[in-house]
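Hello,

Here is the structure for your files. My notes follow below it.

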Amino acid sequence: MKPVLLIDFGSTYTKLTAVDVEGERILGTASAYTTVQTDINDGLALGRRRLEEQTGPLEFAECYACSSAAGGLRMVTSGLVPELTGEAARLASLGAGAKVVGVYAFQLTEDDLEDIRRLRPDIFLLVGGTDGGNTECILHNAGMLATMEPQFPVVVAGNRTAARQCQRILKGWEVYVCPNVMPKFGVLQIEPTQKQIREIFLSRIIQAKGLSRATALLSDILMPTPSAVLLATELLARGCEGERGIGDLIAVDVGGATTDVYSMADGMPEQMNTVYKGLPEPFSKRTVEGDIGMRYSVYGIVEAAGVQRVSQLSGLPEKRVEELVAYLREHTDRLPDGDKELEALDQALASLAVETAVARHAGTMEETYTMMGQTFVQTGKDLTRVRQIVVTGGSLIHTKNTVDIAKFALYSPAQPMSLRPRQADVWVDRSYILAAMGLLSSRYPQAALRMMKKELEQHGYSE
Amino acid sequence: MEQRKKKVLVIGVIGADVHAVGNKILYHAFTEAGFDVVNLGVMVSQEEYIAAAIEADADAIVVSSLYGQGELDCRGMREKCDEAGLKGIPLLVGGNIVIGKQRFEDVEKRFKAMGFDRAFPPGTDPQVTIDALREILHMDGDEA
């Protein structure tokens with residue numbers, strides 16, 4: 001037996017997963033309150049005691065951790081055109097596991113700087129212009145940032161012609177120059193920037209967030225939690241040497257404040273009569289819906305879907321829905337606990353959270369008629385052929401109706417132009433192992449993949 | 001010696017027009033002639049030309065239209081360029097830009113009134129457009 005400890009320092013809970021890499025099995029999971037304000041090791045020690053109560057004493061050979069504690073990795077981006085380098089910067093940050101708290105396009109203004117000062121990002125991503133293209137905007141924005149007191153590291157990943165000049169303008173700042181996120185029109189090159197962001201997270205932000213005290217215990221890997229989940233879902237989809245993946249997939253994590261969606265699929269048009277518009281999206285794409293969540297962001301769900309639909313799905317009168325939604329927003333730790341009304345409402349809310357978040361993540365198809373006949377214009381990823389959906393999040397795992405909720409990720413005749421999967425198998429992550437398996441995958445991909453395939457609960461075709 | 005920066009063109013077929021062949025020929029002809037070409041392909045909206053021209057710091061926009069609706073599709077493009085900060089960017093248009101038998105001089109006049117620098121009749125050799133671009137962009141024969 002070779003026990004490995006995997007830790008997820010969450011914003012509320014520190015979750016521990018102990019695995020036996022040789023036996024490819026999960027030994028146990030436990031959690032305790034995250035104690036980042038005092039000493040992060042307190043919560044960790046408590047979690048470990050709880051874990052060892054189940055498993056007996058364990059001598060861990062290795063230990064890896066990810067973190068979204070103390071606000072996670074908060075980033076602000078600035079690009080040139082919103083749909084082009086602006087979007088490339090956003091995609092790069094989200095894919096690096098960041099929480100994007102501000103997105104700017106064109107030239108930064110004094111008011112923007114005021115906001116940025118207030119937002120206090122952990123990292124600022126400065127981009128704009130294709131290589132050899134516009135330099136004016138990124139240089140202006142570097143100049144604007146330079147008027148502030150140096151507060152955070154800046155990653156420069158715009159027009160290469162201007163990169164070094166930006167660095168000079170930002171004298172006294174911690175500046176990292178990366179290849180352009182959009183070197184040519186319509187070409188996305190975000191991996192080098194993402195790697196840099198993770199390195200900064202590791203070297204600098206961990207300390208600033210009081211996580212460094214725990215590093216004595218850690219072997220070496222430390223990453224933002226969404227980054228670990230992204231690694232896990234990518235491994236699950238693609239497989240690794242010696243073990244096949246389950247193929248293209250989407251994963252949905254419905255939380256209390258946000259809903260994260262991951263897709264692992266190429267998603268480009270297959271038909272000859274389809275024209276692709278907009279920035280091509282990465283195979284491994286992550287989006288976060290900051291207004292869609294079961295408690296803190298419960299109003300966002302109702303606003304996006306409409307109170308009529310919540311009422312219709314839950315079977316509760318609209319007035320009662322409004323009352324209960326207000327109640328849940330106030331009592332964010334309230335679970336249904338057998339209350340029939342709340343159970344019905346939570347199921348409706350979770351279904352609509354899944355529907356809204358996946359619809360926003362997936363691409364759309366528009367039908368037009370040209371002189372050459374019918375033509376389709378696709379924007380974003382075509383996920384209609386994706387056959388696997390992975391779901392997690394409290395409201396989905398603490399109910400018997402997980403599959404019914406997950407179905408809302410699928411294609412719906414009511415939104416025929418939304419390119420969501422036509423039919424899919426549903427995999428449920430009941431014990432929150434995705435982040436842990438992502439951590440494990442950097443060292444033991446085969447074991448991590450086989451454990452995921454074993455531990456995730458699979459349900460057959462839902463249609 | 002640093003190589004002199006190539007002139008950047010943004011090209012594409014405007015509107016609900018899917019004629020892809022001429023677009024590819026132009027892409028190759030312009031590239032061959034020493035331009036750096038951002039090709040947006042078919043079914044391009046005015047906004048897409050403008051967004052690409054901003055990011056790539058383009059020197060000119062070359063609009064193709066083959067299906068006869070060019071006049072409608074091009075209307076307001078100059079004003080949008082002005083609005084987006086691309087003041088004075090050369091706009092060129094060519095193809096079957098209007099329907100029916102019309103005197104091209106009249107057609108050209110209308111496109112110039114819309115703010116286009118040049119309009120080319122059907123069957124124009126790419127070389128003609130290249131020469132026009134060289135003239136507009138003051139390239140004194142030093143690039144290919």
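In β18 of chain A, A:Thr375 is the bridge partner of A:Thr368. β17(A) and strand β18 (residues 373-379) of chain A run antiparallel and are joined by 7 bridges. Strands here are DSSP runs of E with at least two residues, helices are runs of H or I with at least four, and both are numbered from the N terminus. Two strands pair if DSSP finds at least two bridges between them.

This is a predicted model: local features need pLDDT of at least 70, side-chain atom pairs count only at pLDDT 80 or more, and totals for chains, interfaces and linings use all residues. Residues are numbered from 1 along each chain as its sequence is written, while chains are lettered from A and ligands numbered from 1 in the order in which they are written.

The open sheet has 3 strands in the order β15-β18-β17 (chain A), with mixed pairing. β15 (274-277) and β17 (364-370) of chain A each have a single partner strand and stand at the edges, so one side of each lacks a neighbour in the sheet.

A:Gly186 sits in the loop between β9 (175-177) and α6 (191-208) of chain A. Leaving aside residues up to four places away in sequence, A:Gly186 touches A:Leu279 and A:Pro280 (contact: C-beta atoms, placed from the backbone, within 7 Å).

As for the interface, 15 residues of chain B are in contact with 18 residues of chain A. α2(B) gives the largest share of chain B's side, 4 residues.

Regards

Key:
Contact = placed C-beta atoms within 7 Å.
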